[in-house]
Amino acid sequence: MTSTSSPSVDRDPPAKGPGRPGRDPATRKAALIATLVAVPVTAAVGGLAFARLAPGTPAATPGPTATAARAQSGAPVEMAAPALGARPATVCRALMSQLPGSVRDLRQRPVTAGAEQNAAYGDPPLTVACGGAEPTLPATDDVWTVNGVCWHAKQEAGATVLTTVDRETAVTVTVPGAYEQPLQWVAPISDTIVASVPSGGDVPSGCEG
C-alpha cells in the first residue's frame, strides 16, 4: 500500500488497442489523490476504533508505605507480677532494662504491674513475661531456634505463646493472632535474651547444635 506514488503514474498510457479503454490524465490524477487520502484516513479510523475498544489502564492505587505507623493504644497493659526469687528477679531486671523500645512496628507500652519483669508492645499487646516456669515438653513437641534462643510454641485462644526452653530463667512471649508468623516477632527479643539471660536448664535435644 505504500508504493502508491510510482514515477510512471503520470505518463501517457500506451496506445489504445481494441477493447482497451483509455483514461485521460485528469482521471488518473484524481484516482491517485483519492488513494493517497484514503490510506491515512483509514489508518486513523482504525486507530481510533482500537483505542475505543482497548481496555483502559486503571490508575495506579497508592499502596501503604513501609514507614506507616500502626495505630495503637498507649494505655497500660494488664499483666500479673508473681513474686520471683532473688536470682530470677536480678536476671529479669537485666532483661527488661535492655529490651528495645519497639518490636518491629509495635511501640512499647506501660504495664499495670511488675515493670521489672513484664513488658508489652503494640495494640493488641504483644507481651513479654520473665521469670515463669519452663514448660514440660513431650519428646515429640517441636522447638524452634530464633537468633540463638530456643522456643517452644503453644496455641492458646487468639494467641501463640512462646516460651524459652534453654535459659536459666524462662521468658514467655505472647503473640496475638493478629500478628502473622509469630516466630518473626521474637527475633529482636531473642537478641536481648542472649545478651542478658544466661543459658541453662534441661535443654531439649532439638535446641542443641
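Mentor: Here is a walk through the sheet and its neighbours. Please keep in mind that this is a predicted model, where local features need pLDDT of at least 70, side-chain atom pairs count only at pLDDT 80 or more, and totals for chains, interfaces and linings use all residues. Residues are numbered from 1 along each chain as its sequence is written, and side-chain values use heavy atoms, with hydrogens and water left out.

The chain has four helices and eight strands; these are DSSP runs numbered from the N terminus, helices being H or I of at least four residues and strands E of at least two. The eight strands build an open, antiparallel sheet in the order 1-2-3-4-8-7-6-5, where strands pair if DSSP finds at least two bridges between them. Strand 1 (102–103) and strand 5 (144–146) are at the edges with a single partner strand each, so one side of each has no neighbour in the sheet.

Trp-144 stands opposite Trp-151 of strand 6. Helix 4 (residues 187–196) packs on the sheet, touching strands including strand 5, strand 6 and strand 7 (159–164); touching means contact, with heavy atoms within 4.5 Å. The direction of helix 4 makes about 135 degrees with that of strand 6; axes are lines fitted to C-alpha atoms, for helices over the stretch in contact, and angles run from 0 to 180 degrees between N-to-C directions.

Helix 2 (residues 86–98) lies across strand 3 (118–121), strand 4 (126–132) and strand 8 (170–176), at about 155 degrees to strand 4.
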